[in-house]
Amino acid sequence: EMNKELAIEQDLDIDLYFAQHENWDVKQTGTGLRYVIFKQTDGEIAKPGMEARTQYKISLLDGTEVYKTASDEVDIFKIDKSDMESGIHEGIKLMHVGEKAKLVFPSHLAHGLVGDFEKIPPLSPLVVDIELIGIE
């Protein structure tokens, strides 16, 4: 029962976030991930097991930045086989090489009940601005 209430509350918080950006073409998956592709391409689509080369910024819903790829660096992770947030894995599989997107997902697709013990508090939905630079 508590989990249902938390999910409803986080869903409302995410609704409020997107209410501030009514002109965005927001899509939602069955897990609660919401995303907007800002720069679309015809590049190759990312698939499980591939290595994704990305640049990203992770923030809380209130805009507090918690993690960011350095501007001169690329973060590389194996899709569905790394310790990145499951919301990022799900979102990256919706993207083509060269695309830029905003992913917004509830805490159950991030760090859940405990946070990350560093910068992300418990029960925190996340906002991820991400660019898929390449895949291998």
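**Burial, fold and ring pairs**

Colleague: What percentage of the 136 residues in the protein chain is buried?

Modeller: Buried here means under 20% relative accessible area, with exposed over 50% and partly exposed in between (1.4 Å probe, protein chains only). Among the 136 residues of the protein chain, the buried share is 42%.

Colleague: Thanks! What should I keep in mind about the model and its numbering?

Modeller: This is a predicted model, where local features need pLDDT of at least 70, side-chain atom pairs count only at pLDDT 80 or more, and totals for chains, interfaces and linings use all residues. Residues are numbered from 1 along each chain as its sequence is written, and side-chain values use heavy atoms, leaving out hydrogens and water.

Colleague: Which residues do the ring pairs link into a cluster?

Modeller: Rings of Phe, Tyr and Trp (its six-membered ring) pair if their centres lie within 6.5 Å; planes under 30 degrees apart count as stacked, over 60 as edge-to-face and the rest as tilted. The count comes to four aromatic pairs, including the tilted pair of tyrosine 17 and tryptophan 24, at 6.5 Å centre to centre and 55° between the planes. Tryptophan 24 also pairs edge-to-face with phenylalanine 38, at 5.2 Å and 80°. The cluster consists of Tyr17, Phe18, Trp24 and Phe38.

Colleague: How many residues apart in sequence are the parts tied together by tryptophan 24 and phenylalanine 38?

Modeller: Tryptophan 24 lies in the loop between α1 (2-19) and β1 (27-28). Phenylalanine 38 is in strand β2 (residues 34-39), so the pair ties together parts whose separation in sequence is 14 residues.

Colleague: Is isoleucine 79 buried or exposed?

Modeller: Isoleucine 79 sits in the loop between β5 (75-78) and α2 (86-92). Counting contacts as heavy atoms within 4.5 Å, and leaving out residues up to four places away in sequence, isoleucine 79 touches residues including Ala46, Met50, His89 and Ile92. With a relative accessibility of 0%, isoleucine 79 counts as buried.

Key
Helices (H or I, at least four residues) and strands (E, at least two) are DSSP runs, numbered from the N terminus.
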